[in-house]
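Please keep the sequence and the structure open while reading.

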Amino acid sequence: MSEVLITIENLRKYFPVKNVWGTDVALVKALDGVDLKIDSGKTFGIVGESGCGKTTLMRTLLRLVEPTSGSVLLSDEITNNNFSSNKLEELTSEELRNFRKQIGVVFQDPMGALNPRMLIKDIVSEPLTIHGKTEGIREKVVWLLNNVGLGEEHLYRYPHEFSGGQRQRIVIARALALDPKILVLDEPTSALDVSVQAQILNLLNDLQKKYDLTYVFISHDLSVIEYMCDRLAVMYLGRVVEEADTEDLFSNPQHPYTRALLSATPSFEKQKEKIMILGDVPSPITYLDESKAKLATEITEQERLEIKAIEGKGIEYIVRSSLNEHLSLKEVAPSHYARVK
Amino acid sequence: MGDPLAAYVTERTTDEQYDMLAEKHGVNEPLPVRYVAYLRSIITFDWGYSQIAMDDVSDALRDKFAATLELSILAFIVAVATAVPLGIFSSIRQNRWEDHGIRLFALMGSAIPIFWLALFLQFIAATYTDWEISQRVDAKLWYTEPTQIDTPTNFLLIDAIAAGSWIHFKDALQHMILPATVLAYGSMATIIRLMRGNMLDVLGQDYIRTAKSKGLTERQVTYKHGAPNAMIPTTTILGMGFAGLINGSVLTETIFTWPGLGSWAITAMRSMDISAILAYTLFSAFLYIIANLIVDILYAFLDPRVELGGHLSVPEIAIVSVSILMLIITYFSISIAVWFGTFILLAFIILTVYSIVSRFVKNPDDMWVLFLFLGTLFIVWSILSGYFMSIIYISSIIYGLYLVYNREDISKNLGPKLDEFKRAAYQVKKNPLTILGLFLVISLLSIALFAPWLAPPSETQRDPMRMEEHFEFNQQRNFQPPCYFSCTAESGEVDGYILGSTDRGYDIYYGIVWGSRTSLDVAVKVVFTGTFIAVAIGAVSGYYGGRVDDVIMRITDVFIAIPGLVLALAIIAVTDDNSIEMLMYALIIVWWPGFTRIIRAEALRIRNLPYIEAAKAAGASDFRIIFMHIIPNCITSIIVIATMDMGGIVLSLAALGFLGFGGGPDLAEWGKLVSFGQDDMLLGSWWGFFFPGLAVALWALGFYLLGDGIRDILDPKQRN
Amino acid sequence: MLEIEDLKTNFNTYDGVVKALNGVNLTIKDGEIFGLVGETGSGKSVTCYSALKLLPKTGEVVGGKIVLNGEDITHASESRLRQIRGGEIGIIFQDPLSALNPVMTVNEQIGEILVLHQDEEIKKLASEKEIPTYKSKKFQASPGVEFTILAFCISFISLFVMLGQFTFSLPFLFLIGMMFLRNYLQRDLPQSALDLMVIDALSRVKLPNPEQIASSYPHELSGGMQQRVMIAMALAGKAKMLIADEPTTALDVTIQAQILQLIKDIQREENMSVLLITHDLGVVAETCEKVAVMYKGKIIEEASVNQIFKNPQHEYTKALIEAIPKGGKERLKVPDIGEPGAI
């Protein structure tokens, strides 16, 4: 067991929905009680469909949004016992700046993540300038660019001159500028082609080995997650439904949603038996009004129709409405947790 | 401040009579009491007495409103009905000669001063046709027996139809055609440009491709799928268009002596008829708000994605309910209302100060915002007081030193910038209209620069900006026709007026040449000041959002609710200071809210982009994000708007000058020259209004074309 | 069904002419699902837009031959092409929300294609059942909108009455009257033949409650439903071939599985040909029978699905398959190819 770097405890983030009079009538539960432990030097994966709260989790982890409740605990390795508190939400602004030196971010859309009016040199050196490390800045930038497979000749260029993969390399170089311990990767390859994706994934693996980095890898693509991650959490509607080591989870999925998700991923390797999920993703809005509050667990009209279409074809299926039931996380196997009965 | 009793006072008024008047109108009371009393009279529809209309203000409003509304509605219908199809057509024929033609036509509509177009049409109509060029109707026909008819609605076209009289209808229509055309052309231009832009946007959308893939014809795709979607953003601007009509009606009505609100307001402003000015200003704000309400409803109809409503915040509810309470109290007792109002105001001020202070105490990092505003104020002050140029010189020297110090880095930086520049030059070459704009702007700026050589002032002239009068009393009419290039006598002396003279003997050529300096001075100062204020406030407001944003946006709302020209006129009239400086201040006050809103919208868009998030995650301060990320990415809009408004400001300046505001009568200023020309127009001196007006039009056209071109060049969508 | 021979397409850009297609050959037989795979910029979408002449203004087909059911449509007239689009070939796009017109109801958008390509059926149905042909409830304002309008009208009327200008309130009275009149006239309009056909089209793609969906706007539906509506629309003209351009890229995996299942079902039920354009080899493997790999505007390999994954011939195909991360942790093999736009 390696050392735990960040512990997330019962993290909740609710976005209020207001009516005409400005009072809250409903909540969008982007995060609904998330507990995670992120190990040092490993890659932790978070997988889920759009709207499941994985991006909100990332933003909360960076304290770009304030959580509604719960906390993010930092280990001594990050705080160096210099901070007034080990809780992220209690840090002073000076300590927050210090914390942000140790955590780098790579975003999904490499074009949007680069300011179109800045030269590459300025983009990569920005974190250094912010934290006042202006000595030998040029050498450092060249070193960073070399590290991600770019060179000195790219310093004086604008982002729009680069291809998608090269832009993502620039983003990675910027994230590494302050020698962080953790790199948060939010869908780093989903905007890229397969061959470019392979290059970026290789690069990330090399960097991790070289600098002993901890990755938090967020993605919706299970094949990428399986390739990259040591441990992994599956999220559904703001909750972690299953958490286990990667091999464990892929070989022995417990939660029905995980099983369906695994089988839904198209692949040409092995002909798996399919488990279809029927129905549409329910809206994450929870009404404060008690009568509307609970997500219905009975089968909806659409699901009934789809069941009818699929019956008799020998295809296994689950329905979305059955996933709405509240269950607590149980340890089904050693360090393998799932929300099952 | 102007004397509120000016309208009642004549030379023979004694002091005692003056005191009696003052008491009667409550002028001696303290200001808060007078304010509340006025509030009360507004809600009881007792809007005072207008000396000009010789009637109660509310009655005068009622009488004149119909005249203005009839004209405006006709103009509006004409404008929308012609502009929308033209805009669509222009977008289908993008970058072909039809498109260039329509764009030029539209730009000219924005650039040609409305008063000049009006005079031009009037002159043509008076010279070559027997059309009516003034008044609303032939009074003899309508109001005397035996042809008199009832005018119950005071919409004369409707009344004529109701009376079934073709003669009356024709007469009313004949009177309306010219002013309606003039009014329509201005708003048409805006709608065409918007419609074209929106249509181009929409035609690039995915659902247009879907529609084509269904097998619909090009025409069906354009009109069924393209146009309705393009109409949605166009509709939002129609409310603004209506404000433009109210602005325009002031000028049009004055020229065509149309008995409507606009001409009444101008007369009132010239003779300090305070109650009329206030009532008119309030009323046009009211009209504008109603127009925007209608637009909002229309918007919800057109776009199913929009839902009426949204949500109110607690402070909004509080402010609205306090205001209503205040009005109710006012209705019952003035003295309680005064106390109540004072209390509320005090409480509001304390609350604001408290929240600002507590914010800064909590986040001491944010103190820079305060310094930003102080810095902006300093720059504004330096521009207005004339020290701006020295600041520019000093900072360019410092910048030069910086460049020399970092020359290696700079030379490498220059490479990619040069590429951008080459690309821009290539695009300019492709667009003939931009070249035309550039040419116009450069030539007008050189006229301003070389004024002392182009039109040397005579030796007796103290101030070259003040024109000299050349009275020649032996002649009945003092205006001289232009002699163009044959003015030079054999001795080399100029012995005539190159572009003619006005009745007072002002040399029009001299006025145009030196007037370019006035225009440049005012335009540069207003645009620079406005830009600094707008960028500082807009960027902060858009970036922080929330409460700060709310407050700033409500403040801009107040300014925007009153049509620009009317507000500027009201400021000048009420302060009773007819100098060019006051006019400049008025223009700044009118101009900054529009700028601010655009910059704020840009900042709001940019702050949600991932690279802002990336900078935040790297630990960048708000200061850095605003200055390194938000403002550099707004720069395109800032440059485009500033360029276009260089033209727009001169149009407003000329319009105000034409109405007789801004500087003494001998100041070299284009609008003023046009108004001198107007006096003699019907006596055949067309040059008096034609040449100065042409100068205004070319100035505005040049800057509009240039701004349009810059937008096309800098727009990232144009790449690839 | 569809044959493409030596198709060449150019784009005119600022940097000069870009050759998007360099001679593409493709044959799609009746009743087969054909996959076209390639990375960004390989020309897979351009192929299908070129075939139907749906290219943007800068694009131009400069050579080749397109044959549909034995008919050479390379130089077909615009009106013949319009019959083909929607009538014989239906297309669905990547992002259903932006591919559906936001201001038209589903009913109107599907109705449009029915009127274009199924007009006779509609008339036949109308005369059989003795119901109106096209007429239907067009605009359904929500009660909130109507209430707001009513409130504004009443306040304007009272304002003008107070000002003593009753005449100004006439248009507002007229507006109120029109509102009530419309509600009265439309109180129970029978469903027209067109409506029935639309509902039929929607139930073919297994949408629950098709009547309600027909009267809603695209933004009111979920992503999966939107894509189903797109498919219903593409099939409404009784097309015999479906071109699906990245139909599931914008959707989640579980929804993707549903949509792919739907496409397979419909293909089987109606014996259609499907051209599936995608960048995802997994999708091809699960859905298609034959597949072609595109690279730099050319088809470099064409084979049955089983063959291509078991025994890829071309270097690029091999590299592409190996670049996909699979269970193991070994280093990914990166194809040695240039990326478009790289410096």
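Predicted model: local features only at pLDDT ≥ 70, side-chain atom pairs only at ≥ 80, totals over all residues.

Residues are numbered from 1 along each chain as its sequence is written, and chains are lettered from A and ligands numbered from 1 in the order in which they are written.

Q: What ipTM and pTM does the model score, and what is the average pLDDT of chain C?
A: pLDDT is the predictor's confidence in each residue, from 0 to 100. The model has ipTM 0.86 and pTM 0.84. In chain C, 90% of the residues score at least 70, and the average pLDDT is 83.

Q: How many helices and strands does chain A have?
A: Helices (H or I, at least four residues) and strands (E, at least two) are DSSP runs, numbered from the N terminus. Its C-alpha atoms fill a box of roughly 65 × 50 × 45 Å along the principal axes. The count for chain A is 12 helices and 14 strands.

Q: What radius of gyration does chain B have?
A: Chain B has 27 helices and two strands. Its C-alpha trace spans about 80 × 80 × 70 Å along the principal axes. A compact globule of 720 residues would be near 27 Å, and chain B agrees with this at 28 Å.

Q: What percentage of the residues of chain B count as buried?
A: A residue is buried if 20 or more other C-beta atoms lie within 10 Å of its own, exposed if 12 or fewer, and partly exposed in between; C-beta atoms are placed from the backbone. In chain A, 46% of the 341 residues count as buried. For the 720 residues of chain B, the value is 41%.

Q: Which helix gives the most to the side of chain A that touches chain B?
A: Two residues are in contact if their C-beta atoms, placed from the backbone, lie within 7 Å. The contact takes 27 residues from chain A and 25 residues from chain B. Helix H3 (93-101) and helix H4 (120-130) of chain A each give two or more residues to the chain A side. With four residues, the top contributor is H3(A).

Q: Which element supplies the largest share of the side of chain A that touches chain C?
A: Here 38 residues of chain A are in contact with 39 residues of chain C. Elements of chain A that each supply at least two residues include helix H6 (164-176), H7 and helix H12 (301-310). The largest share, seven residues, comes from H7(A).

Q: Which helix of chain A do the buried residues of H14(C) pack against?
A: Helix H14 (residues 315-322) of chain C has the buried residues C:Tyr316, C:Thr317, C:Leu320 and C:Ile321. Seen down the axis, they fall within an arc of 135° (taken from the directions from the helix axis to the C-beta atoms), so they line one face of the helix. An α-helix has 3.6 residues a turn, so residues three or four places apart point the same way. Alongside elements of chain C, among them helix H12 (281-287) and strand S9 (290-295), the packing partner from chain A is helix H7 (194-211).

Q: How many charged residues are on the side of domain 1 of chain C that touches domain 2 of chain C?
A: An automatic or database domain assignment gives the bounds: domain 1 (1-88 + 239-343), domain 2 (105-130 + 189-236) and domain 3 (143-185). In the contact, 12 residues of domain 1 of chain C meet 12 residues of domain 2 of chain C. Ala, Val, Leu, Ile, Met, Phe, Trp, Tyr, Cys and Pro count as nonpolar, Asp, Glu, Lys and Arg as charged, and the others, Gly among them, as polar. The domain 1 side has nine nonpolar residues, three polar and, for charged, no residues.

Q: Is C:Ile259 buried or exposed?
A: C:Ile259 sits in helix H11 of chain C. It touches C:Gly224, C:Gln227, C:Pro247, C:Thr248 and C:Leu251, not counting residues up to four places away in sequence. With 22 other C-beta atoms within 10 Å, C:Ile259 is buried.

Key
Rg over C-alpha atoms; globule rule 2.2 N^0.38 Å.
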